[in-house]
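The sequence and structure follow.

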Amino acid sequence: MQRYNLIIVFNRDESKVLMCFRSKDPYKGKYNFVGGKIDEGENYLDSAYRELFEESGISKNDITIKPYIDYAWHPLDMELKVFVGTLKQEVELVDEIHKLYWMSIDEDFFDVKKFAGEGNIGHMMEIYKEVKSKIS
């Protein structure tokens, strides 16, 4: 099974969310959350912290991330683990492959011409607004 993670990172006051602008496929030319592949035998949470650090320079000292949503696409034999967290302090972002941006949480994340995921990013953001008090 192919396994991936996405990490939804909010700034300290949760007014902005971290997005990367995809410079290659899949979703080239669209905004997405940071994340990547989960290595064989790798713990899901450890993988999320690893990918977050590799793609942004954000470390465990800067944020506590928690499991948020799991997706499984059985016909594709693929699994996606989504994590969420809010920064403890301001950080200096370090772009890896894709340029990083802070976006207002008021963006239309359902705009599939602008955002990856066929509308899933919009759903993730809307659900977060409903359940964030239960995650903290």
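**Basis of the description**

Contact means heavy atoms within 4.5 Å. The model is predicted: local features need pLDDT of at least 70, side-chain atom pairs count only at pLDDT 80 or more, and totals for chains, interfaces and linings use all residues. Residues are numbered from 1 along each chain as its sequence is written, and side-chain values use heavy atoms, with hydrogens and water left out.

**Nonpolar cores**

A nonpolar core is a set of buried Ala, Val, Leu, Ile, Met, Phe, Trp, Tyr and Cys residues joined through side-chain atoms within 4.5 Å; buried means under 20% relative accessible area, exposed over 50% and partly exposed in between (1.4 Å probe, protein chains only). The largest such core has 22 residues, and Met19 is one of those with the most contacts inside it. The elements β1, β2 (16-21), β5 (63-73), β6 and α2 (120-135) each supply at least two of its residues; helices (H or I, at least four residues) and strands (E, at least two) are DSSP runs, numbered from the N terminus. The largest share, five residues, comes from α2.

Leaving aside neighbours within four places in sequence, Met19 is in contact with residues including Phe33, Leu100, Phe109 and Ile121. Another core, of 14 residues, lies apart from the largest one and includes Ile7, Cys20, Ala48 and Ile65.

Asn5 lies in strand β1 (residues 2-10) and is buried, at 2% relative accessible area. Its side chain makes a polar contact with that of Ser47 at 2.8 Å (a pair of N or O atoms within 3.5 Å; within protein, one must be able to donate a hydrogen and the other to accept it, and residues adjacent in sequence count only if both atoms are side-chain atoms).

Asp95, in the loop between β6 (78-87) and β7 (99-104), is partly exposed at 34%. Its side chain reaches the backbone nitrogen of Leu100 at 3.2 Å.
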